[in-house]
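Below is what I looked up, in the order I went through it.

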Amino acid sequence: MADSSVAGALVPSVPKPEPAPSGDTSAAAAATTAALALPEEAGTRAASASPQGPAAAEEGPADRDLLCPICMALIKDAFLTACGHSFCYMCIVTHLSNKSDCPCCGHYLTKAQLYPNFLLDKVLKKISARQIAKTASPIDQFRCALQQGNEMGVKELDSLMTLIAEKKRQMEQQESETNMQILLVFLHCLRKQKLEELNEIQTDLQYIKEDISAVERHRKELYRTKERYSMKLRMLLDEPTAQKMWPSHIDKASCCFPPNSWTPLSASCPGSLQNKKLDLKAQVSHQGFQRRDALTSSDPPNPPIQSGNFIARKRRVQAQFNELQEYYLQRRRTGAQARRQEERDIVAMNREGYHAGLQDFQSVLTTFTRYSRLRVIAELRHGDLFHSANIVSSIEFDRDDELFATAGVSKRIKVFEFSTVVNEPSDVHCPVVEMATRSKLSCLSFNKYSKNVIASSDYEGIVTVWDVQTSQSVMEYEEHEKRAWSVDFSRTDPSMLVSGSDDCKVKVWCTKQEASVINIDMKANICSVKYNPGSNFYVAVGSVDHHIHYFDLRNPSAPVHIFGGHKKAVSYVKFLSNNELASASTDSTLRLWDVKDNCPVRTFRGHKNEKNFVGLSANNEYIACGSETNEVFVYHKAISKPAASHRFVSSDLDDADDDPGSYFISAVCWKSDSPTMLAANSQGTIKVLVLAP
């Protein structure tokens, strides 16, 4: 064994414990007592036994003379060389397979000069066993002492059994307390959560109760107003002056009929007009007595037989009940919070009888249940004999909604008169204006002030401003280096327009200048740009990077906000109002954003859009988009599921044999403040659709 000077890495203050003799029962008892100690006590004792911490325990066996010079670990299967050095067998054999010298002294050495070192092996095994005993737990030490045959008396065994039973009782009690504490924490959390839910439900029920009272009160007022007008009508019919005026009105009405049609009627029924007057008077009189009785009561009579329209709208409510419920509670809670902040809302509520949230929801419910389908009122073909490519990439109404323009891969801008298309059904409608371009067109935008000015963007990156009246281009901007996907005129400044391109640039143009006035460099391709309708400073940009970048052109170096949520490229951005922005993406979703509060509002799902530009259009209440299933979908902005849809069906014999899945809707456009819209598909078919009950 080495002397103390060699083991300098060991902590000298920690003595090595000697192994207990086989017949010593005190070692087993001490081990058992240590094993039965509580964790806190065991930790305290371990700390007191090792004043210098875990490092001392790790460095305990570090007698360097017992380490293999090659692997620097305790020698395993010790072998002695002819020069007197010991190594692990595998270490020295591996070394000699490459070299023929001793790793320690460098003397010539072969495998034939290796001899087993049995004495060193025995010493190392004892040291290993001692180290294992050191690191073993007290329970293992006690088990080892019993296995080695340590003799113990009955009293000592009784004492140990008592300690073990007491330790078991303490551990069971501690485990039970822990389990009860965990259960209590869970129950408290559950109680808190359910109380919050109960409070929320009670608050919602209070809102509903208030709204039911307000609606019932308003319904009674409407009923009473209706009855008052009926009573006035009956009183007017009872007055003598009204009786004198009645025949004169009939005489005036008779002037509308030709003589040959009036004569037989008067001849065959000489007293028919007088009888009709008396019957009408009696009917109104009878209804007046009934309504006079009804006015004496506070409640309106039983509701009349439900009409077909009422039943249909009720079914729409039931079909989208969860969505409507969510929207109602959202608006009602928001209105209640605003009412707490502003006392004038309470005054308005007392005056009108309706809360702001309920009025908003009633408006949504009315508009949503009013329509359930899209009806075709006109159809035309965009293609011609000289161009087989018929995809319509853009449709736009002019300022007054009298004209609409179409553009696509046919390299032509065609302007149609809307009233002619609707009122004069025909297989082929001729455009009132047609303008040829050098490249395929991607987007159109009418000037919101000048009726005859329209802008276009094409596949060569050229942005062109046209005069529809003369069919000539006014300005051409050629700064984009790649395909320009989108262009849009400002609503507040008719001389400004913005464009976006595959060259990752957004450019702002002025019709009074030949060069761009603002240039925004982005890191991804631009698919869509749109001015905020209430300002010529704010522009929304849809990009391939899955985000919508909202810029203030007064500081274009960085966006005001970046809206994230789409999982694929953003193909379109459209404004519903100054604060509401809709976006479309090839992840088959539409999203509604609040650009004032910079937050998402709603996600719309139901259509399919994975690779094509399928169109997007929005008005104050509804959002329309196309689908790669050759369908048009319409969403109400408050409901995430489609409100109506329409499938394009091919009417051509040649197209009927093709796969319907190969066609898709390519462009849509709402008529301003109207339930009427235009939609076109990849076949070149354009339909005028209107929302219908």
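**Phenylalanine 118**

I started with phenylalanine 118, which lies in helix α5; helices here are DSSP runs of H or I with at least four residues, strands are E runs of at least two, and both are numbered from the N terminus. Before going further I noted that this is a predicted model, so local features need pLDDT of at least 70, side-chain atom pairs count only at pLDDT 80 or more, and totals for chains, interfaces and linings use all residues. Residues are numbered from 1 along each chain as its sequence is written, and side-chain values use heavy atoms, with hydrogens and water left out.

Is phenylalanine 118 buried or exposed? I get 65% relative accessibility for phenylalanine 118, so it counts as exposed. My cut-offs: buried is under 20% relative accessible area, exposed is over 50%, and partly exposed is in between (1.4 Å probe, protein chains only). I also checked phenylalanine 118 against leucine 80: they are 38 residues apart in sequence and 9.4 Å apart in space, C-alpha to C-alpha.

**Surface patches**

Next I looked for patches, which are made of residues with over 30% relative accessible area and no salt bridge; like charges are joined within 9 Å, and nonpolar side chains (Val, Leu, Ile, Met, Phe, Trp, Tyr) within 5 Å. Accessible areas come from the Shrake-Rupley method with a 1.4 Å probe, and for residues only the protein chains shown count as cover. Lys and Arg count as positive and Asp and Glu as negative, while His and the chain ends are not counted. I placed each charge at NZ of Lys, CZ of Arg, CG of Asp or CD of Glu.

Which residues form a positive surface patch? I found Lys122, Lys126, Arg130 and Lys134. Lysine 126 sits in helix α5, which spans residues 118-135, and its relative accessibility of 54% makes it exposed.

I have a nonpolar surface patch too: Met180, Leu183, Phe186, Leu187 and Leu190, with about 470 Å² of accessible area together. Leucine 183 is in helix α7 and is partly exposed, at 42% relative accessible area.

**Salt bridges**

How many salt bridges does the whole structure hold? My search finds 22, taking a salt bridge as a side-chain nitrogen of Lys or Arg within 4 Å of a carboxyl oxygen of Asp or Glu. Side chains of opposite charge can pair when their charged atoms come close.

I stayed with helix α7 for two of them:

- Glutamate 166 pairs with arginine 169, with the closest N and O atoms 2.6 Å apart. Both lie in helix α7 (residues 154-238), three residues apart, about one turn of the helix. I have glutamate 166 as partly exposed at 33% relative accessibility, and arginine 169 as partly exposed at 42%.
- Lysine 194 meets glutamate 197 in a salt bridge at 3.4 Å, N to O. They too are in helix α7, three residues apart, about one turn of the helix. Lysine 194 comes out partly exposed at 45%, and glutamate 197 partly exposed at 31%.

Then I turned to glutamate 580 and lysine 637, whose side chains form a salt bridge at 3.4 Å, N to O. This pair links distant parts of the chain, 57 residues apart: glutamate 580 is in strand β22 (residues 580-585), and lysine 637 is in the loop between β27 (631-636) and β28 (642-647). Glutamate 580 is partly exposed at 22% relative accessibility, whereas lysine 637 is buried at 16%.

I also logged a network of salt bridges that links Asp398, Arg399, Asp400, Glu402 and Lys451.

**Positive phi**

Most residues other than glycine have a negative phi, and most peptide bonds are trans. Aspartate 401 is in the loop between β5 (392-397) and β6 (403-408), and is buried at 12% relative accessibility.

Serine 471 is no glycine either, and has a positive phi of about 60°. I located serine 471 in the loop between β11 (463-467) and β12 (472-477), partly exposed at 26%.

**Cysteines**

Last check: a disulfide is a pair of cysteine sulfur atoms within 2.5 Å, and by this rule I count zero. Cysteine 83 is in no disulfide, and the nearest cysteine sulfur, that of cysteine 102, is 3.5 Å away. Cysteine 83 is partly exposed at 27% relative accessibility, and I have cysteine 599 as partly exposed at 26%.
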